[in-house]
Every structure is written in structure tokens, then in C-alpha cells.
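The following exercises concern a single protein structure. Please work through each task before reading its solution.

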Amino acid sequence: MVIHKVKTYRNMSKKAANIITAQVITNPASVLGLATGSTPVGTYELLAEYCENGDVDFTNVKTVNLDEYYGLDANDEQSYRYFMNKHLFEKINIDIRNTHVPNGRADNIDEECRRYEQLISSLGGIDLQLLGIGHNGHIGFNEPGDSFPKETHCVDLGESTIKANSRFFNSIDEVPKKAITMGIGTIMKAKRIILLASGEDKKEILKKALFGPITPSVPASILQLHNNLTVITTIDL
Ligand code: F6R
């Protein structure tokens with residue numbers, strides 16, 4: 001594990017955007033695993049800027065997102081598909097057909113999970129996975145539990161996650177209670193992982209995840225076992 005301690009959110013975003021850019025320059029047909037949430041927004045802004053300047057070309061890049069709320073349509077402003085289109089895909093020269101997010105409106109949720117897992121395999125796996133971390137240690141929507149889920153699956157969201165995510169909705173009642181997420185196994189198979197964390201409110205959980213026991217009660221703690229993990233954080237650990 002390599003930890004980069006940086007001063008500001010902007011510095012964190014710059015380092016992450018630079019690593020992603022280097023990845024795409026080195027392999028223009030990279031498969032990027034992407035996250036939503038507040039943490040990667042600055043990274044996406046910079047990638048859009050680099051692309052606009054002609055410093056990086058996403059023409060042949062493919063992306064797979066970590067997760068999607070179950071029940072929300074792609075056009076719903078709260079859906080992760082909508083978020084990705086708005087914050088990144090509409091601002092870079094990627095072919096939208098090469099961008100993948102689980103289908104939150106699939107009729108058969110289990111089939112959709114299988115399809116998504118297979119899709120990732122058929123793309124040859126993820127070259128670089130970008131991650132944020134939840135206050136309860138979740139990555140993707142893999143919530144604390146008794147075991148590490150292997151593959152893409154449907155989850156019941158934990159109370160603290162519903163509460164944390166309610167800031168994007170009109171009321172807490174509007175937050176979906178279920179989601180589709182890549183499994184811990186799917187994430188761990190990525191060739192490289194970049195974990196971003198900023199803000200003192202993430203300090204305690206980040207410490208537990210990186211230096212505490214490896215346990216499904218802190219899902220991100222499994223990342224200690226990944227052989228190519230880069231952590232970029234503003235937090236003094
Ligand atoms: C988002 C995701 C989540 C977030 C986490 C942190 O696709 O998978 O695990 O990374 O909830 O969210 P923020 O960045 O909003 O603190």
C-alpha cells in the first residue's frame with residue numbers, strides 16, 4: 001500500500017486525475033472502474049479539463065461504475081448514471097456506449113447482477129478502480145456484514161448510508177433502500193486501486209480500514225490485501 005498525504009481536496013483530486021491520465025496514456029483502451037459521491041467530483045472536473053486541453057483521450061476507454069440505486073431510472077437526477085453523465089461522461093470524449101452503470105430499473109435484479117459481473121469479465125477486468133469510503137467503511141455499496149460479498153449483488157442499504165446519502169434527496173424517505181453493487185471480489189480483482197478520502201469525519205474509519213483488523217464489519221479493510229493499492233488523502237493518519 002502506498003499512502004499519499006496531501007494538503008487539500010484539490011491536491012487529492014489532482015493526484016488522482018494525474019494517475020488516471022497516466023493510466024489512459026499508457027493504455028488508451030483501459031477499463032476504468034468509477035465511483036460516485038462527493039469525493040471524486042474534483043477528480044472528474046480535472047479529467048474534463050485535461051481532456052478539453054487535449055492532454056488525455058478517452059475515445060477507446062471503457063468504464064464500469066461501482067453501483068446504482070435500485071428503482072431509479074437513468075434519467076432520475078439522483079441516479080448514479082445521471083451523476084456520471086453530468087460530472088464526467090458529457091464532458092469528455094468518451095463513447096457513451098463504452099460507459100457502464102448497473103441498470104437500476106432491471107426487471108430481474110439477480111439477472112442484472114449476473115449480467116454486470118459478466119460484462120466486467122468480458123471487458124477483461126478492471127485496470128484501475130477509483131474508490132471512496134463510507135463512514136461505516138463501505139466500498140461501493142458493500143455494507144458492514146458477516147462476510148465479504150464476492151460478486152455483483154443486490155444490497156439493503158444500511159441506516160447510516162441512507163442517512164448520509166439523504167443529503168442529495170428532498171427527504172430521507174426518498175432515498176432508495178436497495179442498490180446494486182460490485183462485490184468485494186469484483187473490486188479486489190482490479191489490477192490497481194486508488195482510494196480517495198478527505199475530511200476529518202473520515203479519519204476514524206480510514207484508520208480502521210488501513211491499519212485495523214481485516215474484517216467484513218469494516219468492508220474497506222480488505223483493501224490491505226490488495227497488491228496495488230494507492231491511498232490519496234488529506235487526512236493525517
Ligand atoms: C459511490 C460509492 C460509495 C462512496 C462512499 C463515499 O459510487 O460507491 O461507496 O464512495 O459512500 O461517498 P462520499 O464520497 O460522498 O463521501
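**Exercise 1.** Which element supplies the largest share of the lining of the largest pocket, and how many residues does it give?

*Solution.* The structure is a predicted model. Begin with the pocket itself: the largest pocket holds about 760 Å³ of space. Its lining comprises 37 residues, and those closest to the centre are Thr 36, Gly 37, Ser 38, Arg 167 and Phe 168. Next, identify the elements that contribute two or more residues to this lining: strand S4 (67–69), helix H3 (80–87) and helix H5 (159–165). Of the lining, the largest share comes from H3, with five residues.

**Exercise 2.** State how many residues in the lining of the largest pocket are nonpolar, polar and charged.

*Solution.* Sorting the lining by class gives 14 nonpolar residues, 17 polar residues and six charged residues.

**Exercise 3.** Explain why strand S9 is described as largely enclosed by the rest of the structure, and determine which strands pair with S9.

*Solution.* First, apply the cut-off for burial, which is under 20% relative accessible area. Five of the six residues of S9 (residues 192–197) are buried, so this strand is largely enclosed by the rest of the structure.

Second, consider the pairing with strand S6 (residues 128–131): S6 and S9 run parallel and are joined by four bridges. Within this pairing, Leu 128 has Arg 192 of S9 as its bridge partner.

Third, turn to strand S10 (residues 229–233), which pairs with S9 in the parallel sense through five bridges. Here Ile 194 is bridged to Thr 230 in S10.

Note on methods. Residues numbered from 1 in each chain as written. Predicted model: local features only at pLDDT ≥ 70, side-chain atom pairs only at ≥ 80, totals over all residues. Heavy atoms only, no water. 1 Å grid on protein atoms, 1.4 Å probe; cavity = no way out; pocket = protein on both sides within 12 Å on 5 of 7 lines; lining within 4 Å. Points joined across faces, edges and corners; volume = space filled by probe spheres on them. Nonpolar A, V, L, I, M, F, W, Y, C, P; charged D, E, K, R; others polar. Buried < 20%, exposed > 50% of the residue type's maximum accessible area, 1.4 Å probe, protein only. Pairing = 2+ DSSP bridges.
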